[in-house]
Amino acid sequence: MRNSCFIAAASLAVLGTVTVAQGPGMRGATRVEPGQPCPPGTTEVRPGACQAPDAPAPSILDYRPESTLVTPQHQVPRAKFPAIDVHGHPGDLSSADAIARMVAEMDKLNLRIMLVAENVSGDRLTRTLQALAASPHKDRFRVMAGVDFRNVGPGWGARAASQLEADVKAGAVGVGEISKSFGLNTKKPDGSRLKVDDPELDPLWEAFARLDVPVFIHTAEPQEFFQPLDYTNERWLELSLFPSRRNNQPGQVTFEQLMTERNNVFRKHPKTRFIAAHFGWHANDLARAAKMLDDFPNVTVEVGAILYDLGRQPRGAHDFFVKYQDRIMFGKDSFQPDEYPYYWRVFETNDEYFDYYRDYHAFWKLYGMGLPDGVLKKLYYQNALRVVKGLPQTGWP
Ligand SMILES: [Zn+2]
């Protein structure tokens, strides 16, 4: 579909279309049939009439229109209620200094607890746990363990489960973030792609249920990353900036295949608590997100790096967050302190048409969802306290 539109536009330009003059002010316009797109370099100025601008058109990098809209603005530097970030990437926390620096930043945002989701196991995990245990800030963090999905073969599941058990005993409160590589490109020893629902992994998924810890899993990437890099792709800029995010090469696994494999795991292990990172990549399709949550009561989602999809559909997102208020947790992903307030503003205010922090994610504006306090509390901390055991339970509003 996307390709055919693109080809249709290109062929119109090549095959030649009728150039018509249409009254004063309209230089030569190109006619297109109803329903046909305008040729590249032109825009529709009257029904069926396409025209090129007189001045050279800027690239999408250089077009930076300044909005003249005057509307109430509410900056929200601190979350209204103390928050738990279930998708934390604080970097190294193995020294007292690093921990103190993080806590100072977290205090400014009203971020009470960060779940460290650096996917580390064994000695590296223990070092972080020890540094935190020795710190006056130990209750500001909890650490998730990691899983190494290389060399999956016979017996792997049982070994991974016993490593998990040791990590939990050492103090890990779950596992994560299981990275997108798992499913996308991690290979088995025979060179084949390790499928998310490979049965060798079953003993590991079952161990999570037995140990009563959640698994925080990132599967696939935004849908657009699996589509051709053409001018209809709404993530064109990002894909163009970061070639490694292009997942549409021949032979690569598709988005739908990954969703199927992930859902097979959710279905096969109903007693295991899964936290789907990035809203399961369904924030651009809330009906699909709803179906996932309806089908799999053992699944919750977090909101890391999908704010641009919530903020462009504030009414639908509001209703979704109200309906699924027990199933959504706050998570941020990359730790950039000045980006958190955009989340608070979308969740808490009714502001309209304001900037997002990263143009290459979203060239559109955001709107506030105006969530009620009861929903905000669940989103910010109550759901995390329930899903992740071993968090400080007292001192919450
Ligand atoms: Zn992450």
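# Reading burial, salt bridges, a zinc site and pockets

Mentor: Asp107 is partly exposed, at a relative accessible area of 39%. The term covers values between buried (under 20% relative accessible area) and exposed (over 50%), with a 1.4 Å probe and protein chains only. This is a predicted model, in which local features need pLDDT of at least 70 and side-chain atom pairs count only at pLDDT 80 or more, while totals for chains, interfaces and linings use all residues. Residues are numbered from 1 along each chain as its sequence is written, and side-chain values use heavy atoms, with hydrogens and water left out.

Trainee: What percentage of the residues in the chain is buried, and how many helices and strands are there?

Mentor: Of the 397 residues in the chain, 49% are buried. The chain contains 13 helices and 13 strands, taken as DSSP runs (helices H or I, at least four residues; strands E, at least two) and numbered from the N terminus. Its C-alpha trace spans about 80 × 55 × 40 Å along the principal axes.

Trainee: With which residue does Arg140 form a salt bridge?

Mentor: Side chains of opposite charge can pair when their charged atoms come close. The rule asks for a side-chain nitrogen of Lys or Arg within 4 Å of a carboxyl oxygen of Asp or Glu, and by it the count is 23 salt bridges. Arg140 pairs with Asp107, and the closest N and O atoms are 2.7 Å apart. Arg140 belongs to the loop between helix H3 (122–133) and strand S7 (141–145), whereas Asp107 is in helix H2 (residues 96–109), so distant parts of the chain, 33 residues apart, are linked. Arg140 itself has a relative accessible area of 17% and is therefore buried.

Trainee: Which residue meets Glu221 in a salt bridge, and which residues form a network of salt bridges?

Mentor: The partner of Glu221 is Lys180, at 3.1 Å, N to O. Glu221 lies in the loop between strand S9 (215–217) and helix H7 (236–241), and Lys180 in the loop between S8 and helix H5 (181–184), so the pair ties together parts 41 residues apart in sequence. Glu221 is buried, with a relative accessible area of 5%, whereas Lys180 is partly exposed at 32%. The network joins Glu234, Asp309 and Arg312.

Trainee: Which residues coordinate the zinc ion, and what makes the arrangement irregular?

Mentor: Donors are N, O and S atoms within 2.8 Å of the metal (3.2 Å for Na, K and Ca); water is not among the atoms, so sites may look incomplete. Here the zinc ion is coordinated by His87 (NE2), His89 (NE2), Glu177 (OE) and Asp333 (OD), at 1.9 to 2.7 Å. The arrangement is irregular because the 4 donor atoms subtend angles of 84 to 172°. Along the chain, the donor spacing is H-x1-H-x87-E-x155-D. His87 is in strand S5 (residues 83–89) and Glu177 in strand S8 (residues 175–178), so this pair ties together parts 90 residues apart in sequence. Both His87 and Glu177 are buried.

Trainee: What is the volume of the second largest pocket, and which residues lie closest to its centre?

Mentor: On a 1 Å grid over the protein atoms alone, a pocket is an open set of points with protein on both sides within 12 Å along at least five of seven lines, a cavity is a set where a 1.4 Å probe fits but cannot get out, and lining residues have an atom within 4 Å of a point. The second largest pocket has a volume of about 410 Å³. Its 24 lining residues include Lys180, Arg245, His278, Ala305 and Asp333, the closest to its centre. The lining comprises 8 nonpolar, 6 polar and 10 charged residues.

Trainee: How much space lies in the largest pocket?

Mentor: The largest pocket holds about 940 Å³. Among its 24 lining residues, Ile60, Leu61, Tyr63, Asp359 and Phe363 lie nearest its centre. This lining divides into 14 nonpolar, 4 polar and 6 charged residues.

Methods
Grid points are joined across faces, edges and corners, and a volume is the space filled by probe spheres set on the points. Ala, Val, Leu, Ile, Met, Phe, Trp, Tyr, Cys and Pro count as nonpolar, Asp, Glu, Lys and Arg as charged, and the others, Gly among them, as polar. Four donors count as tetrahedral if all angles lie between 85 and 135 degrees; four count as square planar and six as octahedral if opposite donors are over 155 degrees apart and all others between 65 and 115; anything else is irregular.
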